[in-house]
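Please keep the sequence and the 3D view open while you read.

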Amino acid sequence: MPRRAHARACALTATSVVAGLVVAAVPAVAATAADDAPATPKNVILLISDGAGYNQFDAASLYESGTSAHQVSVDPATGGVAHAPATPGQVYETWPVQVAQSHYSASGRAEYVTEKAWGDFGWVASGATDSAAAGTALGTGVKTNNGMLGITPGGDELLTVGQQAQAVGKKVGLVTSVPFNHATPAGFIAHNADRNDYQGLATEMIDSGVDVLMGGGHPLYTDAHQPREANWTWISQHDYERVSTGATPYSFVDDTADFEALAAGTAVPDKVFGLAQVAETLQYNRPGLANDEVLPHTDPANDVADLDTLALGALNVLDKGDEGFFLMVEGGAVDWAGHANQTTRLIEEQMAFNESVEAVEAWVEKNSSWDETLVIVTADHETGYLAGAGAGPEVGWTPMTGTAGQLPDLTWHSGGHTNALVPVFAKGAGAEVLDARADQWDLVRGAYLDNTAIGETLFDFLGHGERSSADAVALEATVAGQQADGALSLSVAHSGERVAFAGSGADLDATLPLVTVADTRNEVRAQGRGWTLAGSASEFVAGNRTLEAKNLAWTPRIVRSESGAAAGGRATLEGPATLAAADRISRLGSTVVGADLDLSIPAEAAGGRYGSEITLTLFAQD
């Protein structure tokens with residue numbers, strides 16, 4: 001940008017370097033005719049370990065094998081993060097899709113912010129979701145307030161994944177290790193402003209037309225699997241009599257042997273209502289609950305079917321016919337153990353959940369295939385704020401450790417839910433869509449999606465039902481809703497023109513051409529990194545005469561910035577100097593940077609027409 005025709009000249013060159021980025025492919029969400037479109041699964045199996053964060057998953061592995069896959073140390077004061085060596089201990093920890101999930105509700109904190117979550121030990125422990133709001137988000141793709149099921153915060157009824165599966169002709173099953181009408185299973189089929197209206201939820205779920213309902217909540221048994229006088233907390237007497245006497249389309253199952261027969265595939269009915277002979281939980285509430293320091297399975301188990309048995313029985317019912325199905329399996333009492341900070345039963349319940357995943361994986365490989373079935377393993381939220389020994393507000397997060405056959409070395413920091421991210425594992429037809437939808441970035445867990453994205457993806461896979469009438473014309477449009485990877489780039493105004501210095505004597509001045517940084521990277525491509533724009537100059541040369549680059553300095557200024565990038569300070573340019581910089585928050589959009597240049601001429605410098613170059617470098621930086 002010439003200022004005076006007789007001034008000495010300075011050439012400017014610009015390069016752009018973006019290092020260390022992982023580029024995530026983003027396939028289309030809905031099925032299209034393209035060869036690279038993701039497969040649409042015929043069957044979807046969603047397994048939810050209720051209340052299980054990364055540490056709950058690892059606690060079981062530490063007890064079983066002395067290994068863990070997700071342990072970290074994080075210092076909130078310095079931001080330092082160290083990942084412990086990871087050894088997959090469960091089948092799902094080798095699956096191709098492994099991302100994280102946020103799950104905040106529409107009420108409470110209503111957000112997840114990675115800097116706050118890892119910068120303040122107490123931040124995730126307040127304003128967390130409950131299972132009703134989380135189950136609704138997973139089961140409808142829409143956020144709602146805590147305590148509400150299948151309806152918006154304003155009270156409007158939402159379409160559930162279970163309803164849509166029925167609309168397209170697929171079978172639906174809901175299985176849990178806690179009462180069959182607890183919040184998580186109810187979130188996939190029911191609608192109620194009060195998650196505690198258990199009798200109302202039971203009626204709606206029984207009348208919903210789903211093909212399999214299984215869980216606890218038996219009115220005639222205690223949690224020790226002993227007969228008792230009728231208790232109608234979870235199901236009304238009228239509904240119990242309906243399902244147990246054949247007044248509904250369901251075959252009623254409550255005996256352990258009958259559950260086992262279903263799992264073995266013998267005499268499989270078309271519809272099953274399975275009520276295990278326990279008041280609430282298959283095993284968690286059995287006698288010995290106060291024994292929270294004994295080894296798992298020290299206390300005698302109830303003689304009832306385990307979660308894997310229930311899951312296999314449900315699969316055999318749902319697999320009758322060729323229409324495909326949606327099955328949700330919940331390890332519900334992991335959450336109950338978290339609320340009580342009961343380490344022994346936590347490990348028992350997580351192990352039971354893991355066994356149900358193993359049973360599902362084996363069923364897929366024997367009776368179906370990964371080309372037609374999608375299996376997702378995740379949680380609805382974290383409960384109990386589980387961490388390693390010594391963790392706390394001053395120290396930060398420490399890794400859990402342990403040896404096989406012993407309780408892990410861990411600490412609890414809450415009796416409630418937290419907003420800490422939870423894991424998502426997926427394998428099978430269409431699993432890559434979940435990978436693509438993980439378009440946000442956490443400083444510790446990496447790429448993550450929101451729980452609503454799981455519900456939305458399930459709807460996309462299910463598609464649409466038949467025409468409403470013979471005269472109707474069915475339409476379907478695939479909308480490319482995924483954010484592009486984006487890029488980090490720079491451009492220089494008047495590129496190729498020489499910048500001429502003005503003035504005389506010992507001090508010359510010029511103006512750097514305006515430099516524009518454009519950052520359109522999505523969260524995964526950026527990986528939590530902002531950017532730094534730096535520059536350095538070569539020495540000034542006129543034939544065999546030189547001036548050292550240390551004589552050139554700049555004073556940067558921000559002309560405009562969409563997100564608030566900051567200018568660098570005054571610096572000489574013999575080495576790299578910052579022109580502008582942005583962090584993870586201020587990086588997005590366009591930033592225009594300028595600078596005043598001043599060249600100091602040494603007294604001994606020979607006269608001449610000197611040339612130099614400023615090389616600009618743009619790079620991603622934490």
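The report below goes from the overall picture to helix contacts and then to salt bridges.

**Overall picture**

This is a predicted model, in which local features need pLDDT of at least 70 and side-chain atom pairs count only at pLDDT 80 or more, while totals for chains, interfaces and linings use all residues. Residues are numbered from 1 along each chain as its sequence is written, and side-chain values use heavy atoms, with hydrogens and water left out.

The protein has 14 helices and 31 strands; these are DSSP runs numbered from the N terminus, with helices (H or I) of at least four residues and strands (E) of at least two. Its C-alpha trace spans about 105 × 65 × 45 Å along the principal axes. Of the 622 residues, 55% are buried, where buried means under 20% relative accessible area with a 1.4 Å probe and protein chains only. Among the contacts with a separation of 6 or more, 76% are between residues 24 or more positions apart; contact means heavy atoms within 4.5 Å.

**Two helix pairs**

Let us start with helix 8 (residues 256-264) and helix 9 (residues 307-318), whose axes come within 7 Å and cross at roughly 55°. Helix 8 is therefore oblique to helix 9. Axes here are lines fitted to C-alpha atoms, for helices over the stretch in contact, and angles run from 0 to 180 degrees between N-to-C directions. Angles under 35 degrees count as roughly parallel, over 145 as roughly antiparallel, 65 to 115 as roughly perpendicular and the rest as oblique. On the helix 8 side, Phe259, Glu260, Leu262, Ala263 and Ala264 take part, and they meet Thr309, Leu310, Leu312, Gly313, Asn316 and Val317 of helix 9. Sorted by class, this contact has 7 nonpolar, 3 polar and 1 charged residues. Here Ala, Val, Leu, Ile, Met, Phe, Trp, Tyr, Cys and Pro count as nonpolar, Asp, Glu, Lys and Arg as charged, and the others, Gly among them, as polar.

Helix 1 (residues 54-65) and helix 11 have axes that come within 9 Å and cross at roughly 95°, which means that helix 1 is roughly perpendicular to helix 11. Gln56, Phe57, Ala59, Ala60, Tyr63 and Glu64 of helix 1 touch Leu346, Ile347, Gln350, Met351, Phe353 and Asn354 of helix 11. By class, that contact has 8 nonpolar, 3 polar and 1 charged residues.

**Salt bridges**

How many salt bridges does a search of the whole structure find? The search finds 20, each being a side-chain nitrogen of Lys or Arg within 4 Å of a carboxyl oxygen of Asp or Glu. Three of them are listed here.

| Salt bridge | Closest N and O atoms |
|---|---|
| Asp239 and Arg242 | 2.8 Å |
| Arg286 and Glu348 | 2.9 Å |
| Glu361 and Lys427 | 3.8 Å |

Glu361 in helix 11 and Lys427 in strand 16 (residues 422-428) are 66 residues apart, so this pair links distant parts of the chain. Glu361 counts as buried, at 14% relative accessibility.

Asp239 and Arg242 sit 3 residues apart in helix 7 (residues 237-244), so about one helical turn separates them. Both Asp239 and Arg242 are buried.Arg286 lies in the loop between strand 9 (272-275) and helix 9, and Glu348 lies in helix 11 (residues 343-367), so their pair ties together parts that are 62 residues apart in sequence. Arg286 counts as buried because its relative accessibility is 2%, and Glu348 is buried with a relative accessible area of 6%.

Finally, Glu115, Asp519, Arg521, Glu523, Arg584 and Arg587 are linked in a network of salt bridges.

Key:
Buried < 20%, exposed > 50% of the residue type's maximum accessible area, 1.4 Å probe, protein only.
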